[in-house]
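Keep the structure open as you read.

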Amino acid sequence: MRALRWPFRTSAPDAVSFAVPQGVRAYAIGDVHGRRDLLEQLLARIDAERRADPRREEHLILLGDLIDRGPESRGVVDLLLARSHVDPGLTLLCGNHEEMLLAILDGAADQLDAWLRFGGAECAESYGVDPLDLRTQLPEAGIQRLRAAIPAAHLAFFRNLRSYFALGDYVFVHAGVRPGIPIERQQARDLRWIRAPFLRSTANHGAMVVHGHTISEEPESLPNRIGIDTGAYASGRLTALCIDGAERRFLDVRG
Ligand SMILES: [Mn+2]
């Protein structure tokens with residue numbers, strides 16, 4: 001991946017050829033993965049910036065993979081549910097981890113083991129379910145345990161997550177887009193899972209694609225995509241992209 005990195009990594013504002021309308025500002029946050037502590041810190045920074053220097057239209061986009069791996073999946077959902085009632089500019093995207101959990105809750109017993117291994121164990125624990133129980137019971141019984149433990153409001157939260165969000169010259173997705181296909185015709189599977197065909201593509205996607213899902217040490221700023229998953233659950237670094245009219249910059253918190 002190293003060879004694909006665009007050289008600039010500054011956090012100072014850059015004038016770019018992609019923009020959202022003047023007076024509109026958007027913050028996009030990468031994969032939180034159960035790190036409520038980092039999300040709280042980053043939101044505090046963003047809210048402080050908004051208070052000090054407001055815009056006429058403010059957006060906050062979470063790029064998905066809110067849950068799994070880190071310790072506080074339930075806490076992250078609680079925080080964002082509460083915020084969704086008071087922040088009309090909040091958009092929450094569905095990552096492959098939320099998709100997996102929903103599939104399991106809908107009865108995909110064959111996916112339970114893989115989910116537990118890829119961070120679902122920590123998520124189950126945050127809902128008070130012992131992952132060891134889930135591994136030793138029949139998968140159908142495990143799914144019943146999970147269904148009983150996850151509050152209805154959280155289930156509705158997961159079901160209401162969106163696949164993408166378009167704003168000005170930008171489109172926000174969890175993983176990426178399938179090159180050559182318009183955003184409205186993208187498959188949810190590609191938006192939430194895609195890697196190489198998107199990451200290696202030099203095609204103009206018709207909009208600057210802002211995504212998470214694939215971890216890089218530093219945020220990646222390329223001519224056709226911006227990746228902001230800095231692996232918060234393991235690195236302790238949660239990154240956001242701020243797009244402010246025709247300018248943009250990165251901001252992050254480190255725990
Ligand atoms: Mn992902």
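In helix α1, the buried residues are Leu38, Leu39, Leu42, Leu43, Ile46 and Arg50. Buried means under 20% relative accessible area, exposed over 50%, and partly exposed in between (1.4 Å probe, protein chains only). Seen down the axis of α1, these buried residues fall within an arc of 125°, so they line one face of the helix. The arc is taken from the directions from the helix axis to the C-beta atoms. On the other side of α1, Arg51 and Ala52 are exposed.

This is a predicted model: local features need pLDDT of at least 70, side-chain atom pairs count only at pLDDT 80 or more, and totals for chains, interfaces and linings use all residues. Residues are numbered from 1 along each chain as its sequence is written, and side-chain values use heavy atoms, with hydrogens and water left out. Helices (H or I, at least four residues) and strands (E, at least two) are DSSP runs, numbered from the N terminus.

What covers the buried residues of α1? The cover includes strands β2, β3, β10 and β11, and helices α2 and α10. Contact means heavy atoms within 4.5 Å.

Now the sheet. Five strands form an open sheet in the order β5-β6-β7-β9-β8, with mixed pairing. Its edge strands, β5 and β8, each pair on one side only. Two strands pair if DSSP finds at least two bridges between them.

Look at β7. Strand β6 pairs with β7 in the parallel sense over three bridges. Strands β7 and β9 also pair in the parallel sense, over three bridges. Val210 of β7 is the bridge partner of Phe172, and the bridge partner of Val210 in β9 is Ile226. Met208 and Val210 point one way from β7, Val209 and His211 the other way, and all are buried.
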